[in-house]
Amino acid sequence: MTSPNLPTTARVVVIGGGIIGCSVAYHLAHMGCEVLLLERDRLTSGTTWHAAGLIVTFGSTSETSTEMRKYSRDLYTRLPAETGQETGFRSCGFIEVATDADRLEEYRRVAAFNRLMGIDVHELGPREVGELFPLARVDDILAGFYVKEDGRANPVDVTMALARGARLKGARIVEGVAVTGVRTRNGAVTGVETTHGTVQCETVVNCAGMWARELGQRNGVNVPLQAAEHYYLITGPLPGISREAPVLEDPASYGYYREEGGGLMIGLFEPEAAAWKIEGIPRDFSFGEIEPDWERMTPFLQTALARVPAAQAAGIRKFFCGPESFTPDLLPIVGPAPELANYFVAAGLNSIGILTGGGIGRLLAHWILTGDPQADVTGIHIDRLHGYQSNPEYRRTRTVESLGMVYRCHYPTRSMASARDARRSPLHDRLAARGAYFKDVSGWEGADWYAPPGVPAKVERLSWGRQNWFPYWRAEHEAARSGVILMDMSFMSKFFVQGKDAGRVLNWLSANNVDGEAGRITYTQWLNESGTIEADLTVTKFDDGHFMVVASDTAHGHALARLRRQCEGVHAFATDVTGAWAQINIQGPRSRALLQSLTSASLANDAFPFRCAREIDLGLARVLAIRITYLGELGWELYVPAEQAVHVYERLVQAGQSFGLQHAGLKALASLRMEKGYRDYGHDIDNTDSVLEAGLGFAVAFDRPGGFIGRDAVLARKAQGPLRRRLLQVLVLDPEPLLFHAEVVYRDGRPAGYVRAASYGHTLGGAVGLAMIEAGEPIDQAWCEAGRWEVDIAGTRYPARASLKPMYDPEMKRIRT
């Protein structure tokens with residue numbers, strides 16, 4: 001065999017020749033980048049070759065995912081004219097059917113959001129579904145959601161078209177060359193080692209699919225994906241099936257259905273899956289199949305076949321099983337690895353690699369070459385993940401659930417149930433004894449709400465409406481507003497930053513001035529060079545060489561990676577102390593009285609003002625007390641060494657009996673902060689938002705010496721005049737409906753934006769959320785008050801009120817007294 005002609009240098013090396021790798025190479029080449037793609041065997045030989053090729057834009061309430069789907073569909077449509085290589089794309093249409101009330105609610109919510117994103121979704125009755133897909137049984141169908149422009153493509157042909165398009169723009173694609181390692185120096189990529197020599201490069205992109213975890217592991221890069229068995233059946237010939245028949249998807253029957261060779265392909269996503277090759281994927285596995293587990297799959301197959309009765313008599317031409325990669329949260333793993341500079345990853349597509357492949361490639365190419373992915377990546381960024389999620393036991397148990405989640409009803413309050421109890425607060429057992437219901441919080445067990453004494457802490461039935469715990473939640477919320485609550489927030493990310501340059505580093509990272517008076521906490525954002533937000537957090541200064549950064553649980557990896565990069569080459573050291581310190585929040589109008597009964601330190605307003613940070617005595621412990629709130633009330637955050645956390649907790653609970661202390665969970669945290677309009681990075685603000693658009697200009701210190709990252713961009717945006725895109729608080733005036741995420745907001749009858757995050761305002765009297773609104777005119781409070789506002793909730797529009805100012809305590813009087 002002729003030895004491949006391998007170049008010795010390239011700017012970017014892409015590892016893996018599936019659809020993702022070829023899309024990344026295509027888009028890099030189109031942006032003028034010198035790129036080399038290396039494939040260990042042949043293009044598509046991993047999992048791309050056996051994909052079903054569904055091209056579906058319907059189904060997501062993520063703007064990023066929806067835009068990637070739309071772009072991919074459009075790209076596959078135009079690639080043949082550009083490259084001369086067909087993609088097999090046929091716009092035959094797609095129908096998603098709902099057979100129960102909860103799925104109908106979900107799909108109506110999805111449909112409203114997708115229409116806002118420019119997707120032409122039509123709701124059909126059962127008869128119309130039957131007319132479009134005559135083989136389907138429709139007697140139990142409540143509705144179908146139809147997108148005429150969606151359809152199917154040939155995954156191999158799409159990949160080959162992307163590869164040809166990349167080559168036409170100068171990319172080198174070499175097959176039969178396996179990457180055996182990535183070379184590094186001083187924490188950055190310098191090249192790749194292969195079976196045919198070494199290639200020097202500036203950047204590596206790991207697109208190795210189900211091998212991506214093992215490849216990343218060689219350089220300490222965490223890519224916690226796992227292959228699982230994925231099935232489809234191909235029937236014999238079926239009279240009445242047309243090549244132009246739409247794709248039908250029925251999650252309640254575990255199946256999708258499309259024409260294949262005059263019969264039907266019936267793909268399956270069973271509720272409980274099977275992981276494959278936990279120990280590692282064979283390196284020589286190529287165009288491979290897995291022996292089907294008929295015994296395990298037969299019940300699911302029978303359910304899927306019942307949707308198309310004629311298929312049961314058509315015979316089975318092929319029952320196929322092949323591997324697909326799944327991730328812990330069913331979201332892709334994309335972006336720059338926090339462990340190694342210039343090492344990017346695009347893997348773990350959870351069976352949507354074909355329908356988002358074009359968009360993933362474009363996003364990553366922009367990210368690599370410009371530093372800006374041009375989309376919200378907070379939910380898919382690789383740095384959201386944790387090292388223990390690559391453990392064999394974790395992958396074995398979580399993958400069973402994550403594949404099964406594909407076709408479950410996506411209730412907004414559902415929490416993953418597998419691979420739990422891995423990370424616990426020191427207070428976990430005490431909270432459980434108090435009736436806590438725990439949910440997965442970035443792997444931590446977080447108390448979501450508390451059941452009353454004698455009532456089991458369990459969810460009786462998931463739904464889109466009020467569940468059994470709604471009154472417990474309301475009581476916790478009301479206790480925070482009128483009395484005093486205790487909330488365990490030990491999962492919050494905590495970093496000590498120390499050294500003579502610590503203040504300078506943090507002030508360069510932070511838009512606000514965090515290096516001022518000692519003993520103060522400062523709320524700030526970390527921005528990028530474009531002036532958009534990368535982190536939303538607090539910095540507490542103890543002295544000139546000692547600071548503490550506190551960020552949300554989801555921002556842990558992202559904030560720590562940015563912090564450590566800025567500490568390189570200077571006398572500043574970032575230490576992750578998240579697990580070393582418990583965080584107990586005491587909040588509410590009676591919080592001062594409770595805490596004062598336990599400490600000799602004065603907590604009076606003049607002695608311990610808002611934003612003050614000071615060590616106090618509490619029982620036998622020394623506690624860092626910070627007067628700050630995320631709930632909109634008088635309160636303190638107590639940071640306690642882990643070994644003293646239970647002692648402090650017990651003293652608080654004992655003394656709290658005299659003050660009506662009530663435990664409160666994360667549902668109350670969400671509703672209380674939402675009434676106050678407090679932001680949460682990764683939920684209602686993200687990396688696409690200017691700090692000004694997010695309504696956080698008050699936390700920017702423009703005039704301090706030395707500036708900060710993104711200062712020039714923010715000043716340039718400010719100079720452009722009044723903002724026409726702003727984050728608003730939206731309150732539904734009807735007290736019955738609930739908001740969650742992605743509900744479309746209307747002003748004067750026209751769509752103006754959508755709700756990014758929401759909760760229920762028990763004090764305000766209705767569902768409340770934060771919505772990013774775009775207008776063709778300046779947005780100010782008068783503009784908000786002049787409009788007629790509505791919110792679409794599952795197809796029904798409800799009157800609403802919008803405001804730039806917090807609807808609860810806009811003057812902050814309750815916090816500062």
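A residue is called buried when its relative accessible area is under 20%, exposed when over 50%, and partly exposed in between, with a 1.4 Å probe and protein chains only. The structure is a predicted model, in which local features need pLDDT of at least 70, side-chain atom pairs count only at pLDDT 80 or more, and totals for chains, interfaces and linings use all residues. Residues are numbered from 1 along each chain as its sequence is written, and side-chain values use heavy atoms, without hydrogens and water.

Helices (DSSP runs of H or I, at least four residues) and strands (E, at least two) are numbered from the N terminus. Helix H11 spans residues 470-482. Its buried residues are Phe470, Tyr472, Trp473, Glu476, His477, Ala479, Ala480 and Arg481. They pack against several elements, among them strand E20 (444-450) and helix H16 (666-676); contact means heavy atoms within 4.5 Å.

Helix H1 (residues 19-30) packs with helix H5 (residues 155-168) at about 25 degrees, with the axes 8 Å apart. Axes are lines fitted to C-alpha atoms, for helices over the stretch in contact, and angles run from 0 to 180 degrees between N-to-C directions. H1 is therefore roughly parallel to H5, a term for angles under 35 degrees. In the contact, H1 residues including Ile19, Tyr26 and His30 meet H5 residues including Val158 and Leu162.

H1 also meets helix H2 (residues 63-83), where the axes come within 14 Å and cross at roughly 70 degrees. The two helices are therefore roughly perpendicular (65 to 115 degrees). Ile19, Tyr26, His27 and His30 are the H1 residues of this contact.

Notes. The expected span of a helix is 1.5 Å times one less than its number of residues. Angles under 35 degrees count as roughly parallel, over 145 as roughly antiparallel, 65 to 115 as roughly perpendicular and the rest as oblique.
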